[in-house]
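Below is a short report on a protein model.

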Amino acid sequence: MRKYFAAAALAFSLSAPAAAQDETGFQAFLAQIRTQALAQGVSARTLDSVLPTLTYNPRVVELDRSQPGGNPAAPPSAIPAFAPYRIKHVDNARISRGRAKYQALRPLLTRVEAETGVPESIMVAIWGHETNYGGYTGNFDLPRSLASLAYDGRRRALFTQELIDTFKLIDRGIPRDKLKGSWAGATGDPQFLPSVYLRLARDGDGDGKADIWSSEADALASIANYFVNAGWRPGRPWGVPVSVPPYLDRGSIEGKITSPRCHRVHDRHSRWLTVAEWRRRGVVQTGGQPLKDSELVTLLEPDGPGETAYLLTGNYRVILDYNCSNFYALSVGLLADAVAQNS
């Protein structure tokens with residue numbers, strides 16, 4: 001027992017100075033942030049109100065470092081199967097709730113689709129995946145989380161600007177207590193970063209505000225505007241399920257271009273071929289909206305040969321722009337199809 005208390009005392013003596021050092025360095029860092037924020041037009045009033053309330057949050061730094069790619073020394077892990085992810089994220093409860101929201105908000109959704117070309121079901125599916133239709137939007141204080149992540153330094157430029165943009169939201173009159181979200185700074189029903197809110201949030205209910213925290217209309221209109229900005233092409237599906245013959249020469253369809261963004265995600269896609277060219281190779285569409293023979297699409301086999309594969313249009317890349325993960329983008333597309341079915 002004596003050894004236990006001695007060890008505990010030693011651990012505290014080692015961690016306490018480190019914690020104090022973190023807080024001291026953090027406060028000095030905030031002084032630099034103040035200078036940068038003032039230079040970008042943030043009011044002294046907002047900074048005087050928010051900066052003194054901020055303390056270092058080691059938890060968000062821990063969460064950031066645990067993300068894939070967060071530890072440069074970590075070995076690359078094998079890509080898991082998509083099927084378990086799909087079962088969890090395109091489940092009956094999420095589909096049922098999505099259909100209910102789809103029906104309840106149909107006049108709004110129809111109007112926004114007519115204005116933007118973004119399908120009603122895609123808006124609903126993004127909303128469902130991001131926050132379970134507004135059911136959970138996160139409870140981390142944005143200024144504190146972003147300040148801590150900026151101070152940590154792994155992605156300092158990114159998080160510093162997001163913190164300054166959060167101050168700009170407060171300058172616009174958005175209450176501090178609304179600015180809660182994920183540990184990484186995503187907020188509101190669409191889980192926008194502050195910089196994305198400033199660029200793309202839209203007023204969907206005509207009250208002159210873009211309230212993505214309390215207004216379903218604003219949240220959905222903002223999601224649609226994001227997709228328009230990312231290049232969504234109206235009248236085209238995101239992709240369709242297909243069966244792939246066992247004799248397909250995968251070497252002949254291997255992608256040759258390296259994506260500048262999240263290349264590991266794009267490396268799993270084949271090269272672009274027309275639907276007619278895929279058909280000549282024995283690939284058969286098994287569901288979804290019919291594709292034109294001339295449509296350029298790429299093949300993704302998320303669970304490997306012999307399992308359901310997908311031919312993906314350029315609109316799939318727009319979903320990836322929202323969250324660059326094949327599992328996420330596939331699940332959004334599949335949830336959108338399920339929500340629209342029989343709705």
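A residue counts as exposed when its relative accessible area is over 50%, and as buried when that area is under 20%. The model is predicted, and every value here is computed from it.

**Two residues**

N92 has a relative accessible area of 65%, so N92 is exposed. N92 lies in helix α5, residues 92-104. In sequence, N92 and L335 are 243 residues apart. In space, their C-alpha atoms are 9.9 Å apart.

S148 belongs to helix α8, which spans residues 142-152. S148 counts as buried because its relative accessibility is 0%. Neighbours within four places in sequence aside, S148 is in contact with F26, T55, Y56, N57, V60 and V61.

| Residue | Relative accessibility | State |
|---|---|---|
| N92 | 65% | exposed |
| S148 | 0% | buried |

**A helix pair**

Two packed helices are described by the angle between their axes and the distance between those axes. Helix α11 covers residues 216-230, and helix α14 covers residues 314-322. They pack at an angle of about 120°, with their axes 9 Å apart. That angle makes α11 oblique to α14. The crossing of α11 and α14 is right-handed.

Which residues make the contact? From α11 come I223, Y226, F227 and A230. From α14 come V318, I319, D321 and Y322. By class, the residues of this α11–α14 contact are seven nonpolar, no polar and one charged.

Technical notes
Residues are numbered from 1 along each chain as its sequence is written. This is a predicted model: local features need pLDDT of at least 70, side-chain atom pairs count only at pLDDT 80 or more; totals for chains, interfaces and linings use all residues. Side-chain values use heavy atoms; hydrogens and water are left out. Axes are lines fitted to C-alpha atoms, for helices over the stretch in contact, and angles run from 0 to 180 degrees between N-to-C directions. Helices (H or I, at least four residues) and strands (E, at least two) are DSSP runs, numbered from the N terminus. Angles under 35 degrees count as roughly parallel, over 145 as roughly antiparallel, 65 to 115 as roughly perpendicular and the rest as oblique. A crossing is left-handed if the near helix is turned anticlockwise from the far one by less than a right angle, and right-handed if clockwise. Contact means heavy atoms within 4.5 Å. Ala, Val, Leu, Ile, Met, Phe, Trp, Tyr, Cys and Pro count as nonpolar, Asp, Glu, Lys and Arg as charged, and the others, Gly among them, as polar. Buried means under 20% relative accessible area, exposed over 50%, partly exposed in between (1.4 Å probe, protein chains only).
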